[in-house]
Amino acid sequence: MKLSKMKKILSVTMSVLMIAASVPLSTVAAEGNIDPVSVTGGNVVGGFGGDNNGMTWGGNGGFDFGNMGGGNGGFDFGNMGGGNGGFDFGNMGGGNGGFDFGNMGGGNGGFDFGNMGGGNGGFDFGNMGGGNGGFDFGNADGQQQTSDNNENNISKNENVIKIMPAGDSITFGMGDTGGYRKYLDYFLKEKGYNNFDFVGPEGKNSASFNYNGKSVSYDDNHAGYSGYTIKQNSGFGSLYDVLKQKNAVKLAQPDIVLLIIGTNDMNGNRGTSACEQDLRDLVDYILGDMPSDGMLFLSTIPELGGGMFGGGGDKSAQIASYNAAVKKVAEEYNSNGKRVTFADIHGCLNGTADLGDGVHPNAAGYEKMGKYWAGVIDEYLKTSKPSTTTATAAATSTTTTTATAAPATTTTVDFKAELESKVTMWGDANNDGTIDMSDVVAIMQSLANPNKYKLGDAGIYNADVYEAGSGVTSNDALAIQKYLLGLIKTLPESYSSNTPEQATTDKVTTTAKTTTTTKAATTTEAATTTVATTTASSSSGRNLNADIRKDMPTSVPGGNEKSNACKVEKKTYNCKFTGGQKKCNVVLPPNYDTNKKYPVMYVLHGIGGDEGSMVSGMGVQELLAGLISNGKAEEMIIVLPSQYTSKNGSQGGGFGINQETCAAYDNFLYDISDSLIPFIEENYPVKTGRENRAITGFSMGGREAIYIGLMRPDLFAYVGGACPAPGITPGKDMFMEHPGCMQESEMKFRDVGPEPNVFMITGGTNDSVVGTFPKQYSDILTRNGVDHVYQSIPNGGHGADSVKPHLYTFMRYAFK
């Protein structure tokens with residue numbers, strides 16, 4: 001690509017991104033207590049997670065992040081881009097000079113420009129596409145629509161014909177929700193088939209669409225992944241890896257696989273011979289895991305017509321070469337007695353006329369594909385209907401004749417025992433000998449980006465703790481969290497009901513005495529812990545969210561802050577999770593009386609902070625004193641803890657924004673429930689029970705407060721978060737890719753207590769650190785049907801101008 005064209009595209013691209021993300025290009029910041037400081041000749045943002053450390057923009061146009069996050073371990077980006085203040089974007093985002101803006105401006109719904117202008121040829125916007133030709137950014141980097149109750153989409157009926165649609169975004173149905181699959185379902189039913197079941201790890205059992213003026217239901221299960229290549233890592237992933245990671249074929253046992261894959265390889269300008277070898281590897285894997293009498297239909301791919309997804313240039317010759325290779329592979333396997341049949345999706349479409357965006361078919365194109373597949377399946381079933389297979393092999397009887405021989409006996413291989421033999425420690429996904437939040441992170445990373453983050457052989461078995469034997473899913477991460485919280489006592493939480501015991505026949509030479517040895521189960525049992533006292537409410541209490549929506553000013557009215565009226569006590573307590581000691585500050589209200597009992601609010605700091613970070617500057621003490629004296633808030637005690645909770649014994653704030661640090665913050669979930677709350681209740685005159693506890697926080701503390709509130713509604717009846725950082729769900733910001741503590745569909749309150757009386761999230765429109773993540777959280781909660789309040793602060797940044805309005809409202813409505 002010419003330099004002038006690259007500059008033009010970059011300019012337009014950055015303009016769009018800045019509008020969408022509300023992140024100034026010149027702003028690079030970290031979390032902490034932001035305190036603008038005036039410095040001649042440069043721009044400074046002080047207090048990056050600390051007290052007075054600044055970030056100076058200067059020195060030949062470079063960046064100086066000196067002492068960022070503290071006096072030691074700071075970053076110096078001086079003269080970034082060269083001595084003349086320029087920027088060198090060479091190889092930025094990849095080895096081909098491309099740009100990788102990831103999901104800038106949002107974790108799920110941002111922009112991914114892949115290898116823009118580089119060797120991989122153009123743009124791949126992942127799953128950017130909507131139901132009616134528009135754009136849906138909801139699942140921009142893959143599909144997270146799996147039903148909690150249908151994680152593997154396994155057919156329970158042995159008489160049905162199981163069909164697995166597999167491939168990339170065309171199988172997923174980008175541009176027309178459900179793609180060809182909904183039409184295939186419809187046309188199969190039209191042909192009289194009612195005993196089929198679409199299978200695969202994605203989608204749900206039932207969906208609907210309007211067709212010929214009627215609402216038509218269809219089976220939405222599939223194995224289609226937007227942006228995925230055949231086998232090589234494209235930045236999104238490969239179909240080969242994701243199917244193996246999810247154990248998808250072996251679990252589903254499809255009678256028919258419909259495979260359309262290769263479009264993203266062609267968009268990436270990969271050679272035909274390399275793609276052909278990848279295709280053989282993928283076909284071999286699928287055939288090895290599907291029933292021996294099943295059929296794999298290997299199809300050509302549609303044309304590429306350019307457009308915003310097409311990668312640029314005329315690719316008709318490339319497509320023709322690849323499709324010829326597809327036919328060659330299919331016919332070669334078929335001639336060698338393998339269950340593979342060639343299919344020609346390319347031939348059923350009218351070139352680029354049936355494409356909606358240059359890559360993905362429009363509604364008419366998907367309809368043609370569905371009708372084509374229905375005809376292929378119908379013809380196949382009429383000539384050789386696949387026999388039903390089960391997981392249990394038929395037993396045979398073999399007799400041996402020796403001096404002490406007995407007839408061969410049929411023994412049963414215990415599926416659980418077989419799993420146990422491969423597990424080193426249930427829940428230890430990263431195989432480090434312990435079970436903690438890092439194992440949850442390892443699972444979520446492997447699911448979000450299986451090409452970059454892979455569990456080891458032992459880790460795959462260790463991690464499979466929910467419906468063990470069904471493969472690793474986000475439910476396994478959730479089960480480990482429940483185990484760490486003491487909500488379940490052993491791992492695995494359950495075993496798969498879809499993998500029965502297997503009967504085998506062995507030759508047995510025996511004497512009069514027969515000994516049977518059974519391997520004992522090696523379940524992981526939770527350690528006994530003292531959990532925070534909870535007093536169950538007779539009802540969920542009064543929901544105050546509707547009242548807050550009518551009464552949440554975006555700035556603190558005058559006269560509501562009072563200085564020097566509270567007493568702060570510094571305390572040290574034993575942390576059971578780390579085995580060491582941690583510190584907290586306890587803010588006592590004006591006129592504190594040990595003969596009274598008070599409710600407690602826990603207020604959490606940003607990343608890089610500690611128990612002292614929220615003592616001053618954010619209005620905690622001032623608002624507490626002012627609102628109590630004005631009669632607008634209940635008398636309460638506020639606890640300011642240090643969240644960083646690591647078993648390595650470090651008591652530092654842990655400023656480095658990386659997965660290890662974020663996991664240590666997530667571990668605070670276990671510290672607050674097992675250690676901190678019991679400590680406060682033992683040493684202060686406080687009321688107990690969820691209705692007498694509130695939790696909120698700023699930035700990373702906002703993320704943790706929301707996360708803890710979602711996981712433990714039995715502990716907190718008032719939950720909030722100001723400018724919450726990304727990472728509760730998978731996403732990507734300027735610092736890192738976050739695997740998430742849960743999938744978007746799981747962002748709801750756990751069934752361990754009633755929903756809180758208050759659930760409030762605040763975000764500033766000029767927050768250049770967390771960007772639009774607060775609003776994204778709100779949107780996810782809305783989609784999940786979770787009642788909450790979202791407060792938007794006009795021109796609010798990542799600091800007190802957004803935090804104080806949040807605390808002003810949250811404190812007034814807590815404990816009502």
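Tutor: Helices (H or I, at least four residues) and strands (E, at least two) are DSSP runs, numbered from the N terminus. The expected span of a helix is 1.5 Å times one less than its number of residues. This is a predicted model, in which local features need pLDDT of at least 70 and side-chain atom pairs count only at pLDDT 80 or more, while totals for chains, interfaces and linings use all residues. Residues are numbered from 1 along each chain as its sequence is written, and side-chain values use heavy atoms, with hydrogens and water left out.

Student: How many helices and strands does the protein chain have?
Tutor: The protein chain has 21 helices and 26 strands.

Student: What makes the reach of H14 close to the expected one?
Tutor: H14 covers residues 474–485, which is twelve residues. Its first and last C-alpha atoms are 17 Å apart, and 16 Å is expected at 1.5 Å a residue, so the reach is close to the expected value. For helix H19 (residues 700–711), also of twelve residues, the reach is 16 Å against an expected 16 Å.

Student: Why is H14 called mostly covered?
Tutor: A residue is buried under 20% relative accessible area, exposed over 50% and partly exposed in between, with a 1.4 Å probe and protein chains only. By that criterion eleven of the twelve residues of H14 are buried, among them Asn475, Leu478, Tyr483 and Leu485. In H19, twelve of twelve residues are buried, including Arg703, Glu704 and Met711. Over the protein chain, buried residues make up 55% of the 816 residues.

Student: Why is H14 called roughly parallel to H18?
Tutor: Axes are lines fitted to C-alpha atoms, for helices over the stretch in contact, and angles run from 0 to 180 degrees between N-to-C directions. Angles under 35 degrees count as roughly parallel, over 145 as roughly antiparallel, 65 to 115 as roughly perpendicular and the rest as oblique. H14 and helix H18 (residues 668–683) pack at about 25 degrees, with their axes 10 Å apart. That angle therefore makes H14 roughly parallel to H18.

Student: Which residues meet between H14 and H18?
Tutor: Contact means heavy atoms within 4.5 Å. Gln481, Leu484 and Leu485 of H14 meet Leu669, Tyr670, Ser673 and Asp674 of H18.

Student: How do you know how H12 is oriented relative to H14?
Tutor: H12 and H14 pack at an angle of about 170 degrees, and their axes are 9 Å apart. Because that angle lies over 145 degrees, H12 is roughly antiparallel to H14. On the H12 side the meeting residues include Val440, Ile443 and Leu447; on the H14 side they include Ala477, Ile480 and Leu484.

Student: Why does Ala442 count as buried?
Tutor: Ala442 has 14% relative accessibility, which is under 20%, so it counts as buried. Ala442 lies in H12, residues 437–448. Leaving aside neighbours within four places in sequence, Ala442 is in contact with Ala429, Asn430 and Leu455. Leu455 is 13 residues from Ala442 in sequence, with 7.3 Å from C-alpha to C-alpha.

Student: Are Ser699 and Cys723 buried or exposed?
Tutor: Ser699 has 0% relative accessibility, so it counts as buried. Cys723, at 0% relative accessibility, therefore counts as buried.
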